[in-house]
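Reader: I'm new to this one, and I'd like to go through it bit by bit. Please put it up first.

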Amino acid sequence: MYTRTSATAPGGRYPVNVTSTWHVQGEGAVLSGTLTVTRASSTSLAIGALPVVGAP
């Protein structure tokens, strides 16, 4: 959750890092087992406006 815009962040953007991990298990006539795959990616986001939720 962002509580302020990225205007004062370096380069006007917030860094974002994402990692996802998948565990796949299977059985077949020839092969069986578990495969684990992890992917990671990085980018940056410019946050220019923030909505107000629950304001009186």
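Reader: Arginine 13: buried, exposed or partly exposed?

Author: First, this is a predicted model, where local features need pLDDT of at least 70, side-chain atom pairs count only at pLDDT 80 or more, and totals for chains, interfaces and linings use all residues. Numbering starts from 1 along each chain as its sequence is written, and side-chain values use heavy atoms, leaving out hydrogens and water. Buried means under 20% relative accessible area and exposed over 50%, with partly exposed in between (1.4 Å probe, protein chains only). Arginine 13 has a relative accessible area of 38%, so it's partly exposed.

Reader: Which residues does arginine 13 touch, not counting those up to four places away in sequence?

Author: Arginine 13 sits in the segment before strand E1 (strands are DSSP runs of E, at least two residues, and helices runs of H or I, at least four, numbered from the N terminus). Its C-alpha is 7.0 Å from that of isoleucine 47, 34 residues apart along the chain. Touching means contact, with heavy atoms within 4.5 Å. On that basis, the residues are Ser6, Ser44, Leu45 and Ala46.

**Two strands**

Reader: How many bridges hold E1 and E2 together?

Author: The chain has two strands and zero helices, and a hairpin of four residues links E1 to E2. Strands count as paired if DSSP finds at least two bridges between them. Glutamate 27 stands opposite serine 32 in E2. E1 (residues 14-27) and E2 run antiparallel to each other, and the number of bridges is 14.

Reader: What radius of gyration does the chain have?

Author: The C-alpha trace spans about 60 × 35 × 10 Å along its principal axes. The radius is taken over C-alpha atoms, and the globule rule is 2.2 Å times the number of residues to the power 0.38. A compact globule of 56 residues would come out near 10 Å, but this chain has 20 Å.

Reader: What is the relative accessible area of leucine 50?

Author: Leucine 50 lies in the segment after E2 (32-45). Leucine 50 counts as partly exposed, because its relative accessible area is 32%.
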